[in-house]
Amino acid sequence: MKKNTLFLFGAIMLMPATGVAASSCSRANLTRCLDSVCAINVSSNPAARCQYCGTASAGEPPVAGMRSVSIGASAKYNISEKDLKNAPKDPSERYSWAAERCLKKVAGCTTDDVADVYDALIEQSCKAAGIAAEMKSLAADAAVARTASSCSVDINACLMMDNRCGADFSNCKSDADFNKHFASCGVDATGCDEFMSDIRDDLIAARDSMIKNADAAVERIVAAYKNARENLLAGVKAQCADGAARDACVETVCATNMVNKCAVGFESERALATQMCKFYDVACDTLR
């Protein structure tokens with residue numbers, strides 16, 4: 001039953017559901033809260049929970065003239081009439097909507113508590129409505145509403161997690177790794193079986209394209225560095241060919257290190273500067 005509950009609560013599974021001891025959850029207050037959404041006029045309509053939060057197969061509930069939930073000490077745990085105007089009409093969506101809000105109202109409870117206290121009540125209500133339904137079949141009814149788009153979004157989000165393929169598919173370069181993570185994500189995508197083949201084909205294509213583009217980007221970077229090195233080397237060789245690099249070095253040494261700037265009559269300074277720049281000749285001989 002917990003697996004089916006995971007489907008019904010797909011929209012709220014990001015809420016903290018662990019870390020609080022089960023004993024801290026007041027299941028009585030949790031039931032009161034859920035009843036305020038799912039058991040309207042239950043005293044006169046035993047099928048209310050099934051109709052409101054079970055399956056559309058039970059038919060629409062009669063127009064409620066009054067609510068049967070107590071508003072005394074438990075009023076703070078009830079969903080208000082104002083908020084109920086925004087409640088979904090679809091039973092499975094309404095159940096998830098109710099659970100999300102009641103988990104915020106009743107501290108210490110988890111989605112498992114919701115399933116434990118309320119799944120059986122819905123099943124009993126469905127029997128009262130003449131429907132021999134269990135939560136498994138109710139979840140199957142809700143699964144009909146899944147679309148290729150919503151399934152693709154769910155599986156994409158699952159695969160992009162760092163502990164699975166990752167946003168760049170770096171963990172799924174091999175088909176074996178991809179298939180392993182895809183199968184794991186598919187288990188949680190309830191109601192998506194008919195779309196799985198197409199979704200897999202699309203994701204494989206996306207993976208191959210991303211990896212190909214990444215490889216091409218690396219090749220472009222390598223080529224750019226290679227061209228830069230070759231251009232630099234060509235420039236140095238050109239300076240070596242006519243002695244421009246050594247001559248520029250001599251003029252720099254004369255201007256910055258010689259007292260008389262190697263002026264006419266101070267040939268000794270120029271000779272010293274030339275000797276200091278001798279390393280250019282050594283370097284150019286190495287390049288030849």
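Modeller: A disulfide is a pair of cysteine sulfur atoms within 2.5 Å. Please bear in mind that the model is predicted.

Colleague: What makes C38 and C53 a disulfide?

Modeller: Their S to S distance is 1.9 Å, and the cut-off is 2.5 Å, so the pair qualifies. The link of C38 and C53 is left-handed, with -80° about the S-S bond. C38 belongs to helix α2 and C53 to helix α3 (residues 48-53), so the link ties together parts that lie 15 residues apart in sequence.

Colleague: Are C38 and C53 buried or exposed?

Modeller: Both C38 and C53 are buried, which means that each has under 20% relative accessible area.

Colleague: How do you know that C158 and C185 form a disulfide?

Modeller: Their sulfur atoms are 2.0 Å apart; the limit is 2.5 Å, so this pair also meets the definition. The pair links distant parts of the chain, 27 residues apart, with C158 in helix α8 (residues 148-159) and C185 in helix α9 (residues 175-188). C158 and C185 are buried.

Colleague: How many disulfides does a search of the whole structure find?

Modeller: The search finds nine. Among them is the link of C165 and C172, with an S to S distance of 1.9 Å and a left-handed angle of -85° about the S-S bond.

Colleague: Where is confidence lowest, and where is it highest?

Modeller: Confidence is lowest in helix α1 (residues 2-8), at a mean of 40, and highest in helix α2 (residues 27-38), at 92. The chain averages a pLDDT of 78.

Definitions and conventions
Residues are numbered from 1 along each chain as its sequence is written. This is a predicted model: local features need pLDDT of at least 70, side-chain atom pairs count only at pLDDT 80 or more; totals for chains, interfaces and linings use all residues. Side-chain values use heavy atoms; hydrogens and water are left out. pLDDT is the predictor's confidence in each residue, from 0 to 100. Helices (H or I, at least four residues) and strands (E, at least two) are DSSP runs, numbered from the N terminus. Buried means under 20% relative accessible area, exposed over 50%, partly exposed in between (1.4 Å probe, protein chains only).
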